[in-house]
Amino acid sequence: MPVKGRIHSFESCGTVDGPGIRFIVFMQGCLMRCQYCHNRDTWDLHEGKEITVDELMTEARSYRHFMNASGGGVTASGGEAMLQPEFIRDFFRAAQAEGIHTCLDTNGYIRKHSQVIDDVLDATDLVMLDLKHLDDDIHQNLVGVPNKRVLDFARYLQQRGQKTWIRYVVVPGFTDDERSARLLGEFIQDMDNIEKVELLPYHQLGAHKWEAMGLEYPLAGVNPPSKEVMENVKAVISSYTNAKVMY
């Protein structure tokens with residue numbers, strides 16, 4: 001019986017979740033509780049809608065011209081895609097069989113390593129890994145879980161030589177200071193599998209989703225970081241790595 005996935009939604013022509021124009025599927029469910037989450041409605045593991053790989057590929061194929069012309073492909077995001085690894089494995093295998101580039105956008109919070117994790121990575125052309133914070137106390141305060149599993153996963157990607165982009169959200173009061181940037185730089189400085197570090201300025205674009213669900217947005221009143229702050233974070237991290245650091 002074909003594996004079914006539970007998805008929140010998909011985006012047909014995304015341009016910020018991997019190279020080129022991409023078909024992005026947002027998987028349902030996440031175990032992190034990021035205070036700045038802009039997809040708050042993806043947390044519940046039982047919401048969303050069920051879909052088969054064939055159904056999803058039918059949608060993706062209709063945008064193939066745009067993906068191919070731009071060097072794009074498909075991206076599995078979320079929520080957290082690796083909570084449904086069997087589905088992502090089959091989806092990525094089907095995409096690669098048709099010559100479509102695959103990108104895994106993940107927070108790296110892998111509960112237990114297994115063969116299916118390797119199967120997903122074998123079918124993944126690019127991993128975009130969110131590193132929330134290297135200080136575990138701050139990490140737990142910011143996203144609700146320890147960072148050990150995430151850092152172990154990052155090290156495993158390095159061991160595999162897996163092509164990886166790091167994503168780091170610059171959140172005022174949490175991740176925008178020099179110490180936080182240096183901790184990240186020190187962690188990745190010897191990882192030669194990292195091609196790029198994407199600095200993502202914090203924003204409040206998802207606050208309305210919290211409000212629509214009758215929830216209080218945790219970072220209400222926190223403004224996006226200034227360009228000066230972004231440049232400072234960029235300069236610090238760039239001093240540790242040969243990867244391209246950008247925002």
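How many aromatic pairs does a search of the whole structure find? The search finds 6 aromatic pairs, where rings of Phe, Tyr and Trp (its six-membered ring) pair if their centres lie within 6.5 Å, and planes under 30 degrees apart count as stacked, over 60 as edge-to-face and the rest as tilted. The model is predicted, so that local features need pLDDT of at least 70 and side-chain atom pairs count only at pLDDT 80 or more, whereas totals for chains, interfaces and linings use all residues. Residues are numbered from 1 along each chain as its sequence is written, and side-chain values use heavy atoms, with hydrogens and water left out.

**View 1. Phe23 and Tyr63 form a stacked aromatic pair.** The ring centres of Phe23 and Tyr63 are 6.2 Å apart, with 25° between the planes. Phe23 belongs to strand S2 and Tyr63 to the loop between helix H1 (53–61) and helix H2 (64–70), 40 residues apart; helices (H or I, at least four residues) and strands (E, at least two) are DSSP runs, numbered from the N terminus. Phe23 is buried at 0% relative accessibility, while Tyr63, at 22%, is partly exposed (buried means under 20% relative accessible area, exposed over 50%, partly exposed in between, with a 1.4 Å probe and protein chains only). Ring pairs also bring Phe10 into a cluster with Phe23 and Tyr63.

**View 2. Trp43 and Trp210 form an edge-to-face pair.** Their ring centres lie 5.5 Å apart and their planes stand at 85°. Because Trp43 is in the loop between S2 and S3 and Trp210 is in helix H8, the pair ties together parts that are 167 residues apart in sequence. Both Trp43 and Trp210 are buried. The charged end of Arg40 sits over the ring of Trp210, 5.5 Å from its centre, a description that requires NZ of Lys or CZ of Arg within 6 Å of the ring centre and within 35 degrees of the ring normal.

**View 3. Asp41 and Lys209 are joined by a salt bridge.** The N to O distance is 3.9 Å, and a salt bridge is a side-chain nitrogen of Lys or Arg within 4 Å of a carboxyl oxygen of Asp or Glu. Asp41 lies in the loop between strand S2 (22–27) and strand S3 (49–52), and Lys209 lies in helix H8 (residues 207–212), 168 residues apart. Asp41 is partly exposed, at 27% relative accessibility.
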